[in-house]
Amino acid sequence: MNIVVCIKQVPDTTEVRLDPKTNTLIREGVPSIINPDDLSGLEVALRIKDQDPENVKVYALSMGPNQAEYALREALAMGADEAILVSDRAFGGADTWATSCTITAAIEHIDYDLVIAGRQAIDGDTAQVGPQIARHLNIPAISYAEDVKVEDGKVIVKRQFEDRYHILEADMPLLITTLAECAQPRYMTIRGIYEAQEKPITVWGLKDIEDKLDLSNIGLKGSPTRVKQSFPKQGKAAGVLLTDLTADEAAQAILAKLKEKYII
């Protein structure tokens, strides 16, 4: 059984900076981490491998610049068997559509049974890439996974749904998107960190996967969406605290403030 885990290296969102010319995140000089939902997905894959280590292989796959290699090294240190970096200038500036097309082309070069991706990335929050990959691969997708098990060749997923949850059973091949709380990621071991530095990382550029790609769907030119404007969230001024008022007095005070602000 081969499991492909899609991971993304994202900037630590406590230190967000934006390029005013391109309306994109400035990643240089900003600490990077593995996207939390993806890290949970990796842990899910490793737990499945723990049940049958001789017959389960975990691939960590990431699309990004060369620095994404650090995220893949972390995945290897946690227990992934192989790491693949999809990196080429031609892929730069991709939106979710172009990203999913490129990642799909890479996955199609792997003999996969199960694909796991995080629900969404903290630098975009679109939750689109995972389901799009499933659509391109023409396989079922189960999103918002809270728990994942493999029993008798079938995948059983507990799926978050508003104020309740679903229990779904599916055959492979299948794509799952996981929530950050789906699985608490394990710590890297000293031995794992050491061995991860010795393992090779496979790098695939455009020439390596173009046989599975429509070149009109990659990079900035192949992205149907554009960011018109972006800006950091501004802090809010302190509110007004109303105390020692009756319910009627509080209601009147709130109405007066809303009228003062021309909200009503």
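1. L242 counts as partly exposed because its relative accessible area is 42%, where partly exposed is the range between buried (under 20% relative accessible area) and exposed (over 50%), computed with a 1.4 Å probe and protein chains only. You'll find L242 in the loop between α6 (206-209) and α7 (247-260). Together with V240, L245 and I254, L242 forms a nonpolar patch on the surface, with about 370 Å² of accessible area in total. A patch here takes residues with over 30% relative accessible area and no salt bridge, joining nonpolar side chains (Val, Leu, Ile, Met, Phe, Trp, Tyr) within 5 Å and like charges within 9 Å. The areas come from the Shrake-Rupley method with a 1.4 Å probe, and for residues only the protein chains shown count as cover.

2. A word on what you're looking at. This is a predicted model, in which local features need pLDDT of at least 70 and side-chain atom pairs count only at pLDDT 80 or more, while totals for chains, interfaces and linings use all residues. Residues are numbered from 1 along each chain as its sequence is written, and side-chain values use heavy atoms, with hydrogens and water left out.

3. Now the overall picture. The protein chain has seven helices and 13 strands; these are DSSP runs numbered from the N terminus, with helices (H or I) of at least four residues and strands (E) of at least two. Its C-alpha trace spans about 70 × 45 × 40 Å along the principal axes. Of the 264 residues in the protein chain, 40% are buried.

4. On to helix packing. Helix α1 (residues 36-51) packs against helix α2 (residues 69-78) at an angle of about 30°, and their axes are 11 Å apart. That makes α1 roughly parallel to α2. The axes are lines fitted to C-alpha atoms, for helices over the stretch in contact, and angles run from 0 to 180 degrees between N-to-C directions.

5. α2 and helix α5 (residues 190-198) have axes 7 Å apart and pack at an angle of about 130°, so they are oblique to each other. Helix α3 (residues 96-107) and helix α4 (residues 129-137) pack at about 50°, with axes 9 Å apart. That makes α3 oblique to α4. The crossing is right-handed for α2 and α5, and right-handed for α3 and α4 too.

6. What about the backbone? The peptide bond from M172 to P173 is cis, with omega near 5°, and P173 sits in the loop between β11 (164-170) and β12 (174-178). E162, a residue other than glycine, has a positive phi near 45°. E162 belongs to the loop between β10 (154-161) and β11 and is exposed, at 73% relative accessibility. Y262 is not a glycine either, yet its phi is positive, at about 60°. Y262 lies in the segment after α7 and is exposed, at 75% relative accessibility.

7. How many salt bridges does the structure hold? There are 12, each a side-chain nitrogen of Lys or Arg within 4 Å of a carboxyl oxygen of Asp or Glu. One of them joins K49 to D81, with the closest N and O atoms 2.8 Å apart. This pair links distant parts of the chain, 32 residues apart: K49 is in helix α1, and D81 is in the loop between α2 and β7 (82-86). K49 is buried at 15% relative accessibility, whereas D81 is partly exposed at 27%.

8. Some salt bridges run between strands. E82 pairs with K57, the closest N and O atoms being 2.5 Å apart. E82 lies in strand β7 and K57 in strand β6 (residues 57-63), so the bridge ties together parts 25 residues apart in sequence. K158 and E146 meet at 3.9 Å, N to O. K158 is in strand β10 and E146 in strand β9 (residues 141-151), so this pair ties together parts 12 residues apart in sequence. Salt bridges with shared partners also join E43, R47, D50 and R186 into one network.

How values were computed
Angles under 35 degrees count as roughly parallel, over 145 as roughly antiparallel, 65 to 115 as roughly perpendicular and the rest as oblique. A crossing is left-handed if the near helix is turned anticlockwise from the far one by less than a right angle, and right-handed if clockwise.
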